[in-house]
Protein chains: 4
Amino acid sequence: MTDETRSLPRQPGFGSDNVAGLSPAILQALAAANEGPMPSYGADPISRRVEEKLCALFEREVAVLLVSTGTAANALSLALFSPPWGAVLCHAGSHIENDECGAPEFFTSGAKLVHVAGTDARIDPEALRAATRLNKGDVHGVQPAVVSITQASELGTLYSLEHTRAIGAVCREAGLPLHMDGSRFANAVAALGASPAELTWKAGVDILSFGATKNGAMGVEAIVLFDPARAGELAFRRKRGGHLSSKMRFLAAQMDAYLDDDLWLANARQANAMAARLDAGLRVIPGVDVNGTVEANMLFARLPQPMIDGLLAQGFRFYTDRWGAGVVRLVTSFATREDDVDALLAAARVLA
Amino acid sequence: MTDETRSLPRQPGFGSDNVAGLSPAILQALAAANEGPMPSYGADPISRRVEEKLCALFEREVAVLLVSTGTAANALSLALFSPPWGAVLCHAGSHIENDECGAPEFFTSGAKLVHVAGTDARIDPEALRAATRLNKGDVHGVQPAVVSITQASELGTLYSLEHTRAIGAVCREAGLPLHMDGSRFANAVAALGASPAELTWKAGVDILSFGATKNGAMGVEAIVLFDPARAGELAFRRKRGGHLSSKMRFLAAQMDAYLDDDLWLANARQANAMAARLDAGLRVIPGVDVNGTVEANMLFARLPQPMIDGLLAQGFRFYTDRWGAGVVRLVTSFATREDDVDALLAAARVLA
Amino acid sequence: MTDETRSLPRQPGFGSDNVAGLSPAILQALAAANEGPMPSYGADPISRRVEEKLCALFEREVAVLLVSTGTAANALSLALFSPPWGAVLCHAGSHIENDECGAPEFFTSGAKLVHVAGTDARIDPEALRAATRLNKGDVHGVQPAVVSITQASELGTLYSLEHTRAIGAVCREAGLPLHMDGSRFANAVAALGASPAELTWKAGVDILSFGATKNGAMGVEAIVLFDPARAGELAFRRKRGGHLSSKMRFLAAQMDAYLDDDLWLANARQANAMAARLDAGLRVIPGVDVNGTVEANMLFARLPQPMIDGLLAQGFRFYTDRWGAGVVRLVTSFATREDDVDALLAAARVLA
Amino acid sequence: MTDETRSLPRQPGFGSDNVAGLSPAILQALAAANEGPMPSYGADPISRRVEEKLCALFEREVAVLLVSTGTAANALSLALFSPPWGAVLCHAGSHIENDECGAPEFFTSGAKLVHVAGTDARIDPEALRAATRLNKGDVHGVQPAVVSITQASELGTLYSLEHTRAIGAVCREAGLPLHMDGSRFANAVAALGASPAELTWKAGVDILSFGATKNGAMGVEAIVLFDPARAGELAFRRKRGGHLSSKMRFLAAQMDAYLDDDLWLANARQANAMAARLDAGLRVIPGVDVNGTVEANMLFARLPQPMIDGLLAQGFRFYTDRWGAGVVRLVTSFATREDDVDALLAAARVLA
């Protein structure tokens, strides 16, 4: 926030879903968890309850490790499956490649992220098949070790159930584990209608970063490991990475409330609905060109430069300088209200 | 918590200060921070305010990086100062050596923790002087790179102002930076009466892990860097380690409240006072032998085995199996009440 | 060598320049160095002489560290200049990206190799300029740290003096150091006619992997550091990587003989001349299509599949399965004789 | 070599066994290997022969990876068996702890070397048993992962067959693999009379750094892996560490000659015999106090300071400043002749 903008009336932030605060239920859960002493490091009853809830949600035994950031969830998950000489097969536009300052390389002790082609930030199964064979057994090259997909993707697109299954099938065929970066997994489930189980292990996913932070929590992500036998190694890696919270109950309490009464789904639906409302409103504004289909809670559109400048000057917040001239990214969250959307649309119409 | 103990009345936990919950003021601060959108990743006004408060507290310009665990604060701090071929000079009984599953080695890319002798888990300045010269310039040996001391120590002992200055002087002489693991820094300040500035940079400390988690926060520690020029590198290391919280305002809010009205000091004083009360009460129980002087919020004592067994059976919680036969560790926190102490003392007297 | 081929008459190997043995002068130098005791780890007089010779060759003060493989020379050089959160800017077709099993990632503790476009395995200066600005200062992205070019490239092409200077100028402008992977540096110098100084530091190169192994030595590469002040760090990194030879005199003796009487240049000229002879001979064989211009000691050509099969069946050795259907790579070395070339050409003509 | 000493007559070096050159047979083997093209990276027939010879020597199937330094052999071996959160249990006086600049930490991605007590630089089996249980399963502590012993030790002492078996038994009991740093393994075998198989896998050793460099080779050590199934991972680690020699035949040729006609044993016997001769001669010189029993090719003795100064002034070479006042270390090698020993003894007698 610059000095200039501080004096402006606070406008809704479409910069990212992480500019939102907490769902009230999650805040209440923190207060409720603050009752007397409780064992530290995850030996508390709330942590146990969260694990049970996630087993129920995913319809099978899973191991759960809570961490406070998506970067940690992703990097730890990849480190479990890739040796230092491994290749992490991912899209060039993925979050793990572009936005984590090399955290996957750090946690894997130097694995290489190898790009797999595909449109709209999604891996193409055929391109993946070729990549899984690259350098196989050749001591001069890094070895395909794990595949990582992002659901929803960095462009807000989704892997359909069919697409996910196709990726999973290639992984099975190649004997490679499949990681899903699900920092916006809730938005994907809300949009796709398939169950969490169908979209993950039933389709071939081995490990999931199940995000809550962007969708109403304060800072908690669950690493959901569908083969619980490997949880031990992950526990050492988490501790060593400084991600074993001593007062774990407060991470657990967030996740607990997030899972209660399908808050996670309700929040995601609200975010998705607001993106759809933005989409519908923007499409009819002259000079605005929305990119592709809006599938979850993120929208890319080309706007006239004076409209961009005008919106920013009025205090609206979004990113605009990274995807080509005139392209803006608008992200909605559980906290976005119809009024927020309508205010942006009204301002844009005036500037059209 | 085992099934057996679950049915017992909840008894106070003396296992660690991290079994306590949050100070009410910190919980309120979280609620207060939950107001509308706010820039992520530390660009929010609460983060700025925390930095200002810590500059004021330490009476100089400092750089502040918030992280959610003490392990992260320590490991990142050491990584800033030790190259991979460095030696981190520390006490054999230090937390960084024993309780972080190799996190310092991970974040430094493989530095070596080299032990420096000293009584009561505190480094002796003369032993340190010798250690700073070890292998200096010899390509076959790791190079002394940084010194780390723990305030308060793992045995609950304190580095007096004089002791800290003596350590600082050796560091200056050797050209080595000095790190202070201050996960219980508040308890040390409360006990020693010297100012935070006196106990740190004025005595030669270059970087401090300023803990809040054990003393009433949910999960936040401030890396306080007394030479702000090096903060840039630390920011990359923090992100790469998965420790850059997206909704940073909620880490900041905890620290903000922690610093308000000297809550940090008040909490530490309460914890220290409860340890003193325990000390006074235990010393007069026949068969109990309290080790040394209780300086902060931690007490070690040799108890008759039946007394230990009896207390545990009644639901009191503490560690007992790590420091020799019959030795227990009792840790108090801001949340420990006189009643809690008195209940333990009463039970012990009955078992004596 | 399969069982089948073992019974064939030994045919010349065009698979790589590393299938050749040693220059006789280098073998003699090893014998000559084997005289009585000599200080270990590089404190011997031969090592000193090599450093002096390389200072003379490069017309300035340089620091020299000898290692036994090109992988080590490259990875250590990059580690000197890239922090773990750095980006190593290089061509997608570079050796460091494809043929070192992640050694640069290992030695840098997890830096990321970021691809810069350009034809014929050479970086384009304009593409480089854009890459040097990528994520600059953004804590979410790895930071441009060092540029690496390969001279001669993996496709046998050369960076002309002008091209090198253009790359160097972009590096200077961006404040980034420039590494040259010179495992075939001798072939480049022999072909380009410019001096070693002109092709390196005068054009902006900061560190050079000066190769000898592929050009007549047994196993020695010199890391030539044009700013000797940073050699200390490199020495620790070398030792830590297991690359400080105890009987260093024998690495030094190889390099010493390699530099004597311009053996390095004479060997490279022979290799280049044999590639030119191959080129001239192949171009006139019907059905053979030599790719581009042959600039150093490596040639790519499309051959009819029966010709490929026939040559391999007769015991000729080369790689053929990596650059598209029917494309073979032929590499010559100092040890390749006119007879070897003519034998291949004769066999190919028969198979045409 | 300082300027002063350069003008002195060359005197025998007792500083280390790595100040010696090559066995003539090894030099000849290098010349013999220099015949025409040969497949690179270990696919040559000499490498195959070496593997066969080592299988024969150790009386079982083994996997062999050749590298050029002992540091690499040790660090790679440990990395195979220790995860980053592992503890490498070793003696505080071991080479891996003191003389490799943290190479084990580098190759293991940050494991911790944990000291096990024992006299004369040898691990005590009972102390080892306790160490194998340290922190077991506790996520806060590094996990016992591999045990490493040095044969012969840094003090020149040996693990007897019984001692080795006792260590091996503790490892088996704890489920931990056992590494033997055998940079002077030949000297141990020569002295102990037991077979290589008895002293290694039959006693519980899982991986051996089988040294040749200190005992007559130029620079080659064999990693001998008694469970060949794990060789694949080791191959990737070797390449990634820059230790896969392209012209591998020349490493193999050294090892080949080293194993021929028991050259390795003959060389070690000569070195051991010369140490015994030194021992016998020194013990009868007034004022000289030889430490303990001389078991292999290394001797520690306390000498009067004028004798030390006088010997150094006459050009004799040895280390003297690391083991307390007046203590010198004298190391003999295959190249040490009786004359060399007698010259030192004569000079010492004069200075007595």
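This is a predicted model: local features need pLDDT of at least 70, side-chain atom pairs count only at pLDDT 80 or more; totals for chains, interfaces and linings use all residues.

I begin with the interface. On the side of chain A, 53 residues are in contact with 53 residues of chain B. Together the two chains bury an area of about 4400 Å², and carbon and sulfur atoms give 54% of that area. Within chain A, the residues that lose the most area to chain B are Phe106(A), Arg240(A) and Lys247(A), which together make up 18% of what that side buries.

What links the two chains in polar terms? The rule finds 32 residue pairs in polar contact across the interface of chain A and chain B, whereas the number of salt bridges it finds there is zero.

Which helices of chain A take part? By residue class, the side of chain A that touches chain B divides into 23 nonpolar, 18 polar and twelve charged residues.

I turn now to Gln143(A), which lies in strand E4 (residues 143–150) of chain A. Is this residue buried or exposed? Gln143(A) has a relative accessible area of 10%, under the 20% limit, and therefore counts as buried.

Its surroundings can be listed. Beyond its neighbours within four places in sequence, Gln143(A) is in contact with residues including Trp85(A), Ala87(A), Asn135(A) and Asp138(A), as well as Phe236(D) of chain D. Gly86(A) also belongs to these contacts; although 57 residues separate Gly86(A) from Gln143(A) along the chain, their C-alpha atoms are 4.6 Å apart. The side chain of Gln143(A) also reaches the backbone nitrogen of Gly137(A), at 2.7 Å.

Finally, I come to helix H3 of chain B, residues 45–58. Its 14 residues reach 20 Å from the first C-alpha to the last, close to the 20 Å expected at 1.5 Å a residue. At the start of H3(B), a side-chain oxygen of Asp44(B) comes to within 3.0 Å of the backbone nitrogen of Ile46(B). The buried residues of H3(B) are Ile46(B), Ser47(B), Val50(B), Leu54(B), Cys55(B), Leu57(B) and Phe58(B). An α-helix has 3.6 residues a turn, so residues three or four places apart point the same way. After H3(B) comes Glu59(B), with a positive phi near 60°.

Notes. Residues are numbered from 1 along each chain as its sequence is written. Chains are lettered from A and ligands numbered from 1 in the order in which they are written. Side-chain values use heavy atoms; hydrogens and water are left out. Helices (H or I, at least four residues) and strands (E, at least two) are DSSP runs, numbered from the N terminus. The expected span of a helix is 1.5 Å times one less than its number of residues. Buried means under 20% relative accessible area, exposed over 50%, partly exposed in between (1.4 Å probe, protein chains only). A polar contact is a pair of N or O atoms within 3.5 Å; within protein, one must be able to donate a hydrogen and the other to accept it, and residues adjacent in sequence count only if both atoms are side-chain atoms. Contact means heavy atoms within 4.5 Å. Buried area is the accessible area (1.4 Å probe) that two parts lose on being put together, summed over both. A salt bridge is a side-chain nitrogen of Lys or Arg within 4 Å of a carboxyl oxygen of Asp or Glu. Ala, Val, Leu, Ile, Met, Phe, Trp, Tyr, Cys and Pro count as nonpolar, Asp, Glu, Lys and Arg as charged, and the others, Gly among them, as polar.
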